[in-house]
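Here is a friendly walk through one model, helix by helix. Please keep the sequence and the 3D view side by side as you read.

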Amino acid sequence: ENGGHPAKQKETVGHFLTRWLDTYAATNTTLRTQQGYRGNIMRYIAPVIGKTELQKLTGRQIQGMYADMMGRGLSARTVLHAHRVLSQALSHGVKWGLLTRNVADATTPPRPQREELEMWDVENIHCFLEAVGEHRFRDFYHLAILTGMRRSELAGLQWENVDLVVGRLSVV
């Protein structure tokens, strides 16, 4: 009577996720984020639980999907990304009154292991800088190596954030 229990529906997880992508994600996320969401849904989620009725989805089915993904050799980070997409979508299902709870909250995705990044030694850095020679991005590569800035930080750098007199630049 007070709307606390959603009416029974036969909508599948796959259909719901497509609708979520076309409504919520399309209006609240960037195109790149939408593509990532869609990729996770189409590659990992929909083939396993897409035909399950949304209101009958269980944490055990989701946890089984994670185990299946790990069994296929996918990384824990990939499983975690799929979990985050599914959990976010199901939380909107709760907000929209389609579900009483987010069953993804009852699951535990694997923890990604921190990877130690390999760093170039001085010899490799000199070899690389010699190899780029007169390449049009030579200065870009030099700046990246000398500052450790990320590609997006380098690409977003503006002259107003560079002080050649003091020899300082600001990442804004």
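## Basis of the model

This is a predicted model, in which local features need pLDDT of at least 70, side-chain atom pairs count only at pLDDT 80 or more, and totals for chains, interfaces and linings use all residues. Residues are numbered from 1 along each chain as its sequence is written, and side-chain values use heavy atoms, with hydrogens and water left out.

Helices are DSSP runs (H or I, at least four residues), numbered from the N terminus.

## Helix α1 and its kink

Let's begin with helix α1 (residues 13-28), which has a kink of about 35° centred on Leu21. The bend at a residue is the angle between axes fitted to the seven residues ending there and the seven starting there.

Val13, Gly14, Phe16, Leu17, Trp20, Leu21, Tyr24 and Ala25 of α1 are buried (under 20% relative accessible area, with exposed over 50% and partly exposed in between, using a 1.4 Å probe and protein chains only). These buried residues pack against α2 and α4, where contact means heavy atoms within 4.5 Å.

## α1 across α4

The axes of α1 and α4 cross at roughly 80° and come within 10 Å. That makes α1 roughly perpendicular to α4. Axes are lines fitted to C-alpha atoms, for helices over the stretch in contact, and angles run from 0 to 180 degrees between N-to-C directions. Angles of 65 to 115 degrees count as roughly perpendicular, under 35 as roughly parallel, over 145 as roughly antiparallel and the rest as oblique.

On the α1 side, Phe16, Leu17, Trp20 and Tyr24 meet Val85, Leu86, Gln88, Ala89, Leu90, His92 and Gly93 of α4. By class, this contact has eight nonpolar, three polar and no charged residues. Ala, Val, Leu, Ile, Met, Phe, Trp, Tyr, Cys and Pro count as nonpolar, Asp, Glu, Lys and Arg as charged, and the others, Gly among them, as polar.

## α3 alongside α4

Helix α3 (residues 59-71) packs with helix α4 (residues 76-95) at an angle of about 155°, their axes 9 Å apart. That makes α3 roughly antiparallel to α4. The contact of α3 with α4 has 10 nonpolar, two polar and no charged residues.

## Arg38 in α2

Finally, look at Arg38 in helix α2 (residues 31-49). Arg38 is partly exposed, at a relative accessible area of 33%. Leaving aside neighbours within four places in sequence, Arg38 is in contact with Leu21 and Asp22.

How values were computed: Helix = DSSP H or I, 4+ residues; strand = E, 2+ residues; numbered from the N terminus.
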